[in-house]
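User: I'm new to reading protein structures. Could you walk me through this one, feature by feature?

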Amino acid sequence: MPAPDVYPHVYTEASLATMQPDAGDYGLLNDAALVTEGDKIAWLGPMADLPRPYATTAKTPLGGRLITPALIDCHTHIVHGGNRALEFEMRLQGASYEAIARAGGGIVSTVTATRDTSEAELLAAALIRADALIREGVSTIEVKSGYGLDLDTELKMLRVARQIATQRPLRISTSFLGAHAVPKGAGADSYIDTVCIPALRAAHAEGLVDMVDGFCEGIAFDVPQISRLFDVAQALGLPVKLHAEQLSNIGGTQLAARYNARSADHVEYATEADAAALAQSGTVAVLLPGAFYTLHETQKPPVAAFRAHGVPMALATDWNPGSSPLGSLLLTMNMGCTLFGLTPAEALAGTTRHAAQALGLTDCGTLKAGKRADLAIWNVKTPAELSYGIGINPLHTRIFAGAQT
């Protein structure tokens, strides 16, 4: 992994989308410069104000290019075995996601493939997916378990997730998602108590878990079952997040708010009252247009209610083999605007500042002196171009912890 330069690096002739809260849509600075020292941002501001100590430092003129915080994909399932292209065909022939799941497909089919795939093979496949995100200026990826549904495979997935950061210039945040589906032949209650919670304790003991997630839905786990898991997470000092209100409303968003979850994800069926609860708890609503698109859903998340209550909205790929085989965060930004009605400024905030908040990270997601020098330099003049393009990657350079990658 490249080491950051220990001497100052001065980028000039740039526009900066600082994404600072309360600084306008983008916190945009034109005719600006940015200085990194080591793995941190040392200074940024108008070129005319460049401090004298940097006057004789070698400079990298960017010719008007845009610098943003490096992007953050705050909801992925990139560690898994197999694929579900056959189910894609089935859905196109009229089968619903729920019908496929109840017939033994869906998440459970990926569980079988993941259990049968070695740790080395899982890592090799995950690195290919991580590389695709790196090429789009992504510096941080959240990675979930949840395709094991037994102790050994859940731990195997989390170990692989940790290994990604040793093989690539990336930050990886891990989420234990043992409560992702009920294994074939098991009961939901017994699975939570005898498999899921013991697996969480074992994963925590190995230092493999940053957060705890669950799927609160009619085809997965109900509020009391997730509550038992979250009680254990809190006792272990682990923050929680939740797949909530994707296919129906069974109280998951309110549950997330009661536990001060870092995020409630999907939330298509969330209500005005749910939005108010998320605002009160400081929970981020993570919107996942890839699953909405793939599953041909029609119920959109209540973006207007989130705006009205001041709920921060993040965007993520939800990259998984079934409901969102989406490997582009830039396309996700376009989909968030086109399908859900976000503004381009909201989409960029959703993949920078608010995505960092959804992972509990405070040292990235905005451009500010003292923050990590995780930057994306783009061949565009205006930030809206990042959400405007469809299948276009305008990345010029990615800076990770001060080093060009």
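**Reading the helices**

Analyst: Let's start with helix α7, residues 223-235: its 13 residues reach 18 Å from first C-alpha to last, close to the 18 Å expected at 1.5 Å a residue. That expected span is 1.5 Å times one less than the number of residues. Helices here are DSSP runs of H or I with at least four residues, strands are runs of E with at least two, and both are numbered from the N terminus. Bear in mind that this is a predicted model, where local features need pLDDT of at least 70 and side-chain atom pairs count only at pLDDT 80 or more, while totals for chains, interfaces and linings use all residues. Residues are numbered from 1 along each chain as its sequence is written, and side-chain values use heavy atoms, with hydrogens and water left out.

User: Which residues of α7 are buried, and what covers them?

Analyst: Buried means under 20% relative accessible area, exposed means over 50%, and partly exposed is in between, using a 1.4 Å probe and protein chains only. In α7 the buried ones are Val-223, Gln-225, Ile-226, Ser-227, Leu-229, Phe-230, Val-232 and Ala-233. Their cover includes β8 (171-179), α6 (188-205), β9 (211-216), β10 (241-244) and α8 (252-258). Contact, by the way, means heavy atoms within 4.5 Å. After α7 comes Gly-237, with a positive phi near 80°.

User: How do I read the buried residues of α9?

Analyst: Start with the general idea: an α-helix has 3.6 residues a turn, so residues three or four places apart point the same way. Now the case: in α9 (residues 272-281), Asp-274, Ala-275, Ala-277, Leu-278 and Ser-281 are buried. They sit on the same side of α9, because they cover an arc of only 160° around the axis. The arc is taken from the directions from the helix axis to the C-beta atoms. That buried set packs against α8, β11 (263-266), β12 (284-287) and α11 (303-309). Gly-282 follows α9, and its phi is positive, near 75°.

User: What does α5 pack against?

Analyst: Helix α5 (residues 151-167) has 17 residues and reaches 25 Å between its first and last C-alpha, close to the 24 Å expected at 1.5 Å a residue. Its buried residues include Thr-153, Leu-155, Met-157 and Ile-164. The buried residues of α5 pack against α3 (107-115), α4 (119-134), β7 (138-144), β8 and α6.

User: Which residues touch the most other members of the largest nonpolar core?

Analyst: A nonpolar core is a set of buried Ala, Val, Leu, Ile, Met, Phe, Trp, Tyr and Cys residues joined through side-chain atoms within 4.5 Å. The largest one has 97 residues, and Ile-164, Phe-176, Val-212 and Phe-306 touch the most other members. Setting aside neighbours within four places in sequence, Phe-306 is in contact with residues including Val-267, Leu-278, Pro-301 and Met-313.

User: How do strands pair up, and which ones pair with β5?

Analyst: Two strands pair if DSSP finds at least two bridges between them. Strand β1 (residues 9-17) pairs with β5 (residues 66-69) in the parallel sense over two bridges, and there Ser-15 stands opposite Leu-66. Strand β14 (residues 375-378) runs antiparallel to β5, and four bridges join them. In that pairing Ile-67 stands opposite Ile-377.

User: How many disulfides are there?

Analyst: A disulfide is a pair of cysteine sulfur atoms within 2.5 Å. A search of the whole structure finds zero. For Cys-216, the nearest cysteine sulfur is that of Cys-196, 13 Å away. Cys-216 is buried, with a relative accessible area of 1%. Cys-337 has its closest cysteine sulfur in Cys-74, 15 Å away, so that is too far for a bond. Cys-337 also counts as buried, at 16% relative accessibility.

User: Where is Thr-352, and is it buried or exposed?

Analyst: Thr-352 is in the loop between α13 (344-350) and α14 (353-358). It counts as buried because its relative accessibility is 0%. Not counting residues up to four places away in sequence, Thr-352 touches Met-19, Pro-69, Ala-70, Leu-71, Ile-72 and Gly-365.
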